[in-house]
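Subject: Handover of the model, with notes on what was found

Dear colleague,

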Amino acid sequence: MNSDSSYTQLHRGGTSVIVDLSTAGLPTIIHWGPATGVLSPAELSSLAVAARPQRVSGGIDVPARLTLLPQETFGWQGSPALQGQRSRRGWGAALSTVSTVADSSSVTITAEDSAAELSMVTELSLTAAGVLRQRHTLTNTGSTEYELHRLDTIFPLPASATTVQDFTGRHLKERSSQQRPLTVGAHVRESRRGRPGADATLLMLAGTDGMGHRSGLVHGVHTAWSGNHRFSAERTITSDRFLSAGELLLPGEVVLAPGEKYSTPWSLGSWGSGLDQLASRFHEDLRARPQHPARPRPVTLNTWEAVYFDHNLETLKTLANKAAAIGVERFVLDDGWFLGRRDDTAGLGDWFVDPAVWADGLGPIINHVHDLGMEFGLWFEPEMVNPDSELARNHPDWILHTEGRWPVSARQQQVLNLANPECFDYLLGRLDAILSEYPISYIKWDHNRDLLEAVDPRTGHPAVRNTTLALYRLLGELKSRHPSLEVESCASGGARVDLGILDYTDRIWTSDCIDPIERLDNQANTGLLVPYELMGAHIGGPESHSTRRRHSLGFMARTAIFGHFGIEWNIADIDAEQTAELTEWVQFHKAHRGLFHTGVSVHADLPDPAMDLRGVVAQDGGRAIFALTQREASISYPSGRITVPGLVPDVKYRLSLSHPLDEELSNGQSPLEWPLNECVLSGSVLETVGIQAPVLFPEQSVLIMFTSIESDDV
């Protein structure tokens, strides 16, 4: 809504954005967050006036404002949003608004600087879910080259934002949360790994002290980009607080010729009264995409932890037989099927079926899988190459490297230059040939190393940006040629989890670690951005391959049950009791995945850190399933009551356990009474008063079911 030529206001999805268009340089966002309602012109004017700072001793004569592109030319002395130079001169810019076009949910601002010979278009829009999207497009209007060093998007924070939360990690332990005070200065997180990386922060968050899943005003920003990126949470001595996000550009990576443009990746901002509400906006936004998976997510068996590189047709047939018998719907053949690939030291890049292992091609296993009623999927790692491969021997010039030396290797791999048209065409041709020859409905697309010295040998320039864009083109072209193809983004586990890659893929592999204790935090933190249906979550064998901890089948299932469910385990020889139990869990997931993959994700802030309560509530509030996990032994024994958030306050729910408490789960010395009786409570009572938690052994869990009833039934 363009209420006045000096102001604009956007209202959608419970979010309001109020913009002062009159500030020097570019406009200023006065408010981003909870809905204000539509403001009158007088209120807009008053709000803008009320936001203007005073001049102070020792300060500049006209106090600088935190605009959409804060610039030193207008007095800004914090971190710059734009940096660049033209032929060793003209590094400063004075981009100023020349036109604005706005409607009820978007505004587009055009700014120019004739002296610097630059123009820029900034786009702001609110989605139906209330997510704020922001992007800059910078154009070189001059007659000489302009080298761009940095261009970030800016999201203001309220004064209540005093704590920063972001994420760190490593292989097998991605997205571990960390918090710090938002003190004066900048808290900066960068990815220089050529992909987000296991250490990437999924979001940069800032909120009130003690913010949790269900409480505290919190704002967060994500950049939809699969290459290098930069996030910052900054507080200035002049009381500005803001988040910034953008692509991290390496020296010489973006040099704009006259007339050329650079567009930042889209940055997306969400807010909430607690992290659950912030996450819900992202989830709703993703689910509204036209390409979002619409059919039920197939229960998947992946062969990696079952057979590794031991590709034997009869062994795999036996595994497929058992998978089909327990209800698996998709069978994925992992690494080891292509030319020369007997271990991870050779063959990568030679995308031809290896006749030494598959004498009759992949047809026999694919036909067997299809005859059993399952879909077939196949593993690829197209962006990488082993030096010990025909591809590397024949085309060393296709490998990213600096002339005269190879980058430090990782997993015996180097990285291909997808921006090289010959390399791109080879990969597209080989993948297309495999997908055209065989009825393959799913690709597990892996990316097993960080990039180092990612230089295009044709130019000597950094190549992360161009290879990322080429990756998107490659995925887009494959999906165009094979419209029913689904793709999983795997990157040595969860090292490439971002909304850029999810524009072209249908799920992410959340982590190579499927130990259910490790997955609790990983899945909760990943879920701040990604809904359950896009998160691969599998049951592993009795002993975790990554931690050597042992867990029961039930505990693994209850941890994985909400996600895109699957199995990563050699189930061919499991006994009848395990087969029956695994079958029951597959059936349970199928019966409830419609809820898990469309409902609202809820996490309780329990006072006992030894306990974890999380679940999914149906959009209409009619039913819910929660998992209560005893992470470790509690100090209290029994643990007392737990409160259950997220249900509809005035709806009455019948409570039950999905499975009875037994000696495997509980060492309680008497029965827990509420599951044995007709127990009906309202959502408000469950959230404020709660129910007695069952006594559980450490590293065990139960599923609690909530089903609404009509009030006259009780």
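First, the conventions. This is a predicted model, in which local features need pLDDT of at least 70 and side-chain atom pairs count only at pLDDT 80 or more, while totals for chains, interfaces and linings use all residues. Residues are numbered from 1 along each chain as its sequence is written, and side-chain values use heavy atoms, with hydrogens and water left out.

**Arg195**

Arg195 sits in the loop between strand E13 (185–191) and strand E14 (204–207), where helices (H or I, at least four residues) and strands (E, at least two) are DSSP runs numbered from the N terminus. Its relative accessibility is 4%, so Arg195 counts as buried; the term means under 20% relative accessible area, with exposed meaning over 50% and partly exposed in between, for a 1.4 Å probe and protein chains only. The side chain of Arg195 makes a polar contact of 2.8 Å with the side chain of Asp450, and a polar atom of the Arg195 side chain also lies 2.4 Å from the backbone oxygen of His447. A polar contact here is a pair of N or O atoms within 3.5 Å; within protein, one must be able to donate a hydrogen and the other to accept it, and residues adjacent in sequence count only if both atoms are side-chain atoms. Leaving aside residues up to four places away in sequence, Arg195 touches several others, among them Ser226, Asn228, His447, Asp450, Ala491 and Arg496, contact meaning heavy atoms within 4.5 Å.

**Two helix pairs**

The axes of helix H4 (residues 313–326) and helix H5 (residues 363–371) come within 10 Å and cross at roughly 15°, which makes H4 roughly parallel to H5. Axes are lines fitted to C-alpha atoms, for helices over the stretch in contact, and angles run from 0 to 180 degrees between N-to-C directions; angles under 35 degrees count as roughly parallel, over 145 as roughly antiparallel, 65 to 115 as roughly perpendicular and the rest as oblique. Leu313, Leu316, Lys317, Ala320 and Asn321 of H4 make the contact with Pro364, Ile365, His368 and Val369 of H5. These residues divide into six nonpolar, two polar and one charged, where Ala, Val, Leu, Ile, Met, Phe, Trp, Tyr, Cys and Pro count as nonpolar, Asp, Glu, Lys and Arg as charged, and the others, Gly among them, as polar.

Helix H9 (residues 516–526) and helix H10 (residues 553–560) have axes that come within 10 Å and cross at roughly 10°, and H9 and H10 are therefore roughly parallel to each other. On the H9 side the contact is made by Pro516, Ile517, Arg519, Leu520 and Gln523, and on the H10 side by Phe555, Met556 and Thr559. By class, this contact has five nonpolar, two polar and one charged residues.

**Backbone features**

Most residues other than glycine have a negative phi, and most peptide bonds are trans. Leu172, in contrast, has a positive phi of about 80° although it is not a glycine; Leu172 is found in the loop between strand E11 (163–170) and strand E12 (173–181) and, at 24% relative accessibility, counts as partly exposed. Arg411 has a positive phi as well, near 50°, and lies in the loop between helix H6 (390–394) and strand E25 (414–415), where its 27% relative accessibility makes Arg411 partly exposed. Tyr637 and Pro638 are joined by a cis peptide bond, with omega about 0°, and Pro638 is placed in the loop between strand E33 (623–630) and strand E34 (641–642).

Which strand holds Ala111? Ala111 belongs to strand E6 (residues 106–113) and is buried, with a relative accessible area of 0%. Ser125, in strand E7 (residues 118–126), is buried at 17%. Ser656 lies in strand E35 (residues 652–657) and is partly exposed at 29%; Ser656 and Phe706 are 50 residues apart in sequence and 6.8 Å apart in space, C-alpha to C-alpha.

Best regards
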